[in-house]
Amino acid sequence: QWQLVESGGGLVQPGGSLRLSCVASGFTLDYYTIGWFRQAPGKEREGVSCISDPVGSTNDADSVKGRFTISRDNAKNTVYLQMNSLKPEDTAVYYCAAAFKLNLRTPARCLSPSAYGRWGQGTQVTVSS
């Protein structure tokens with residue numbers, strides 16, 4: 001049975017950092033584009049960052065460019081989201097999702113939740129002093 005499991009969330013002060021992990025089980029991440037999404041209370045789910053395979057192309061939402069970095073380690077079947085300079089508006093539940101052979105020729109598509117068929121359960125990130 002396939003699973004995506006996120007971890008690494010928590011409470012952090014503004015300006016702090018967190019690293020989220022997304023571990024896949026029951027399938028390998030080869031040729032899967034992985035996206036990170038977030039959803040704050042009362043808001044729609046939005047794309048944060050995505051990374052393709054095998055090329056490793058990435059795309060980030062404007063709101064996180066220069067602060068968040070997505071990376072992957074297929075040997076560990078894991079994708080990471082390094083989040084630096086966190087702001088209160090980054091507070092949300094963060095989800096990872098997988099889409100088989102989703103290319104980034106249309107970069108915006110990889111930040112669209114509708115492009116993904118496999119989802120994790122999410123991890124809470126709270127940025128507050």
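User: In this predicted model, what radius of gyration does the protein chain have, against that of a compact globule with 129 residues?

Analyst: The model is predicted. A compact globule with 129 residues would have a radius of gyration near 14 Å. The value for the protein chain agrees with that, at 13 Å.

User: Along its principal axes, what does the C-alpha trace of the protein chain span?

Analyst: The extents are taken along the principal axes of the protein chain. For the C-alpha trace they come to about 40 × 30 × 25 Å.

User: How many helices and strands does the protein chain have?

Analyst: From the N terminus on, the elements run β-β-β-β-β-β-β-β-β-β-β. The count is therefore zero helices and 11 strands.

User: Among contacts between residues at least 6 apart in sequence, what percentage join residues at least 24 apart?

Analyst: The set considered is the contacts in the protein chain between residues at least 6 apart in sequence. Of these, the share joining residues at least 24 apart is 62%.

User: Is Ser52 buried or exposed?

Analyst: Ser52 sits in the loop between strand E5 (46-51) and strand E6 (58-60). Its relative accessibility is 6%, and the cut-off for burial is under 20%. Ser52 therefore counts as buried.

User: Which residues does Ser52 touch, not counting those up to four places away in sequence?

Analyst: Ser52 belongs to the loop between strands E5 and E6. Leaving out residues up to four places away in sequence, its contacts are Tyr32, Thr33, Ser57, Arg72, Leu102 and Leu104.

Technical notes: Residues numbered from 1 in each chain as written. Predicted model: local features only at pLDDT ≥ 70, side-chain atom pairs only at ≥ 80, totals over all residues. Heavy atoms only, no water. Helix = DSSP H or I, 4+ residues; strand = E, 2+ residues; numbered from the N terminus. Rg over C-alpha atoms; globule rule 2.2 N^0.38 Å. Contact = heavy atoms within 4.5 Å. Buried < 20%, exposed > 50% of the residue type's maximum accessible area, 1.4 Å probe, protein only.
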